[in-house]
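Please work through each task before reading its solution.

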Amino acid sequence: MNEAILELRQIRENNLRESARVVELWISYIEPKLHRLGQEKWTLLEQVLIAALDVGNLDIAQVCLGHLRRRFPDSSRVNRLYGMCLETTHRFDEARALYSQVLEKDTTNSVARKRLIAIHKAQGRINEAIEELNKYLKIFMSDSEAWGELGEMYLAQGDYKHAAFCVEELILANPHNHLLHQRLGEVSRVWTKRCSRQFNNTLDALFTPWLF
């Protein structure tokens with residue numbers, strides 16, 4: 001079992017996405033001897049729960065969640081994990097309500113805010129996702145990944161002005177990244193063409209009556 005614990009620790013510390021292997025180690029080595037583990041048990045349970053959700057094994061996820069909820073009944077962290085289980089079973093309204101409760105207690109809970117954004121996206125509620133992501137970035141302004149995600153959502157909505165702003169924020173954080181400068185140029189060109197086309201359409205609408 002010690003080797004399994006060490007491997008799980010390495011997977012966790014190196015942020016490796018090896019969910020199938022994590023679940024395999026749980027079934028073969030960890031679960032039968034869970035009662036022998038010390039405080040690291042709770043970290044392992046969280047790791048296995050997330051991995052189980054990733055591979056679609058809801059039974060194992062529920063087992064891990066049960067252990068965690070009994071030990072930490074009022075934990076926002078455990079509630080967030082419960083919310084992820086709800087998402088997996090498409091109980092989005094319940095998950096959204098749960099994350100909202102977490103945020104009422106702690107408005108800076110970044111994970112809960114990101115899960116809310118994920119729910120909106122999963123339901124195709126892009127405007128709501130954009131609104132929630134803007135709220136998130138008012139608190140976590142240095143999150144480059146979030147700026148990139150917001151920019152892509154604006155592009156999907158055809159909002160090139162705000163998409164360009166998001167790319168500019170990314171450039172401020174990483175000014176020597178030539179790919180970001182290239183991306184800004186592409187977005188700006190599309191935005192300029194659209195503005196020009198809208199201006200021409202406006203002129204046509206103004207002057208067309210005088211042609212008759």
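The model is predicted, so local features need pLDDT of at least 70 and side-chain atom pairs count only at pLDDT 80 or more, while totals for chains, interfaces and linings use all residues. Residues are numbered from 1 along each chain as its sequence is written, and side-chain values use heavy atoms, with hydrogens and water left out.

**Exercise 1.** Determine how H3 is oriented relative to H4, and which residues form the contact.

Solution. Step 1: helices are DSSP runs (H or I, at least four residues), numbered from the N terminus. Helix H3 spans 40–55 and helix H4 covers residues 58–71.

Step 1: the axes of H3 and H4 come within 8 Å and cross at roughly 150 degrees. Axes are lines fitted to C-alpha atoms, for helices over the stretch in contact, and angles run from 0 to 180 degrees between N-to-C directions. H3 is therefore roughly antiparallel to H4; the classes are under 35 degrees for roughly parallel, over 145 for roughly antiparallel, 65 to 115 for roughly perpendicular, and oblique for the rest.

Step 2: contact means heavy atoms within 4.5 Å. On the H3 side the contact includes Trp-42, Leu-45 and Leu-49, and on the H4 side it includes Ile-60, Cys-64 and Arg-71. By class, twelve nonpolar, one polar and two charged residues take part. Here Ala, Val, Leu, Ile, Met, Phe, Trp, Tyr, Cys and Pro count as nonpolar, Asp, Glu, Lys and Arg as charged, and the others, Gly among them, as polar.

**Exercise 2.** Classify the packing of H2 on H4 and of H3 on H5.

Solution. Step 1: H2 (residues 19–30) and H4 pack at an angle of about 65 degrees, with axes 12 Å apart. H2 is therefore roughly perpendicular to H4. Val-23, Trp-26 and Ile-27 of H2 meet Ile-60, Val-63 and Cys-64 of H4, a contact with six nonpolar, no polar and no charged residues.

Step 1: the axes of H3 and H5 come within 10 Å and cross at roughly 15 degrees. H3 is therefore roughly parallel to H5. Glu-46, Leu-49, Ile-50 and Leu-53 of H3 meet residues of H5 that include Arg-77, Arg-80 and Met-84.

**Exercise 3.** Which helix gives the most to the lining of the largest pocket, and how do the lining residues divide by class?

Solution. Step 1: on a 1 Å grid over the protein atoms alone, a pocket is an open set of points where a 1.4 Å probe fits, with protein on both sides within 12 Å along at least five of seven lines; lining residues have an atom within 4 Å of a point.

Step 1: 22 residues line the largest pocket, and Gln-47, Ile-50, Ala-51, Arg-80 and Met-84 lie nearest its centre.

Step 2: H3 gives the most, with seven residues. The lining divides into eight nonpolar, five polar and nine charged residues.

Definitions and conventions: Helix = DSSP H or I, 4+ residues; strand = E, 2+ residues; numbered from the N terminus.
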